[in-house]
Amino acid sequence: MTSRLPSYLRTHRLKSGLSQRELAFLLGVQSGAKVSRYERLVRTPNLHDAFACQALFGVAAHEIFPAAFHAVEEALVPPARILVAQLSQEVPTAEVEQKLGLLLALIEQGDDAPTLL
Amino acid sequence: MTGIPYQESLVLSVAPNSYGFGFVLFEGPHTPIDWGVRYLAHGDRENLLLKLDALLSWYQPDVLVVEDCATRERRRATRVRRMLRDIVSRSARHLVETRRFTRAEVRLLLSRFGATTKREIAEAVVEILPEFSVHLPPKRKLWLPEHPRMSMFEAIALSLTYYATMDDDFRTALIKV
């Protein structure tokens, strides 16, 4: 199923029965405000907190924070296009073809990324 | 509704009571996303609309499900009826399709569980969606008022009724659980 919400942190937290404050404590902070901001995506989770949520809930970080993941994915597309243009002018060796395959798949994936709330 | 299949549509269900309203958001018949109770001061219509607006703006649901209390079978307080009217008119303003179900329709769906009272409906909900078991309030003593969280279970039962009307397989599965 495609993700329709920008963050599923609240869903997983509610399912686990944890309060915002308890989750914040697990993430190493005292106040639940940080968790609240993550849930509303006012703040983008850092790598430590994203992985901590993955470890805690057993769900991949990109599924908990789909909007943050898609933002990173989309940000990769413009430089990937530039790199594709540069590589296209090079001699098409197997290595170049491999890089082009990777970059074109990334561009296609970025273009298909759903628009979240 | 938009072209989104109902299995992936966001369905918000709201059930008002004397404390405020319980709500649940589903992203498919087996996928509750958010749930809870929003408390309101007695007759605080402005706050009701504010809290409802917040839910509707943040989640942008495709469908809003509420109880149909226009039938004779269901007696609800004037204030709750007014709240339901406000909820429906506010969802229309957010261009959200509204679906209403009577308590009889909910009971019919959960008839396999023999659920007729609110408590029995809540217990049937827990049997269908065990993740809500931790939220089931203790059995009410006769001299105690209703627990605020019961409205949340009403909202869940309404959502399940909605999915049952959309999907015969889900309905059959519920009846045969």
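1. In chain B, B:Arg45, B:Leu48, B:Leu49, B:Leu52, B:Asp53 and B:Leu56 of helix α1(B) are in contact with B:Met83, B:Asp86, B:Ile87, B:Arg90 and B:Ser91 of helix α2(B), contact being heavy atoms within 4.5 Å. These residues comprise 6 nonpolar, 1 polar and 4 charged. Here Ala, Val, Leu, Ile, Met, Phe, Trp, Tyr, Cys and Pro count as nonpolar, Asp, Glu, Lys and Arg as charged, and the others, Gly among them, as polar.

2. The model is predicted: local features need pLDDT of at least 70 and side-chain atom pairs pLDDT 80 or more, whereas totals for chains, interfaces and linings use all residues. Residues are numbered from 1 along each chain as its sequence is written, chains are lettered from A and ligands numbered from 1 in the order in which they are written, and side-chain values use heavy atoms, without hydrogens and water.

3. Two packed helices are described by the angle between their axes and the distance between the axes. The axes of α1 (residues 45-59) and α2 (residues 78-93) of chain B come within 10 Å and cross at roughly 40 degrees. Axes are lines fitted to C-alpha atoms, for helices over the stretch in contact, with angles from 0 to 180 degrees between N-to-C directions. The helices α1(B) and α2(B) are therefore oblique to each other; angles under 35 degrees count as roughly parallel, over 145 as roughly antiparallel, 65 to 115 as roughly perpendicular and the rest as oblique. Their crossing is right-handed.

4. In chain A, helix α6 (residues 66-88) packs against helix α7 (residues 94-112) at an angle of about 145 degrees, with the axes 9 Å apart. The crossing of α6(A) and α7(A) is left-handed. Among the residues in contact are A:Leu76, A:Val77 and A:Leu83 in α6(A), and A:Leu100, A:Leu103 and A:Ile107 in α7(A). By class, the contact of α6(A) with α7(A) has 12 nonpolar, 3 polar and 5 charged residues.

5. Between the chains, about 1500 Å² is buried, of which carbon and sulfur atoms give 59%. Buried area is the accessible area (1.4 Å probe) that two parts lose on being put together, summed over both.

6. The interface of chain A and chain B holds 2 salt bridges, each a side-chain nitrogen of Lys or Arg within 4 Å of a carboxyl oxygen of Asp or Glu. B:Asp62 forms a salt bridge with A:Arg4, the closest N and O atoms being 2.6 Å apart.

Methods
Helices (H or I, at least four residues) and strands (E, at least two) are DSSP runs, numbered from the N terminus. A crossing is left-handed if the near helix is turned anticlockwise from the far one by less than a right angle, and right-handed if clockwise.
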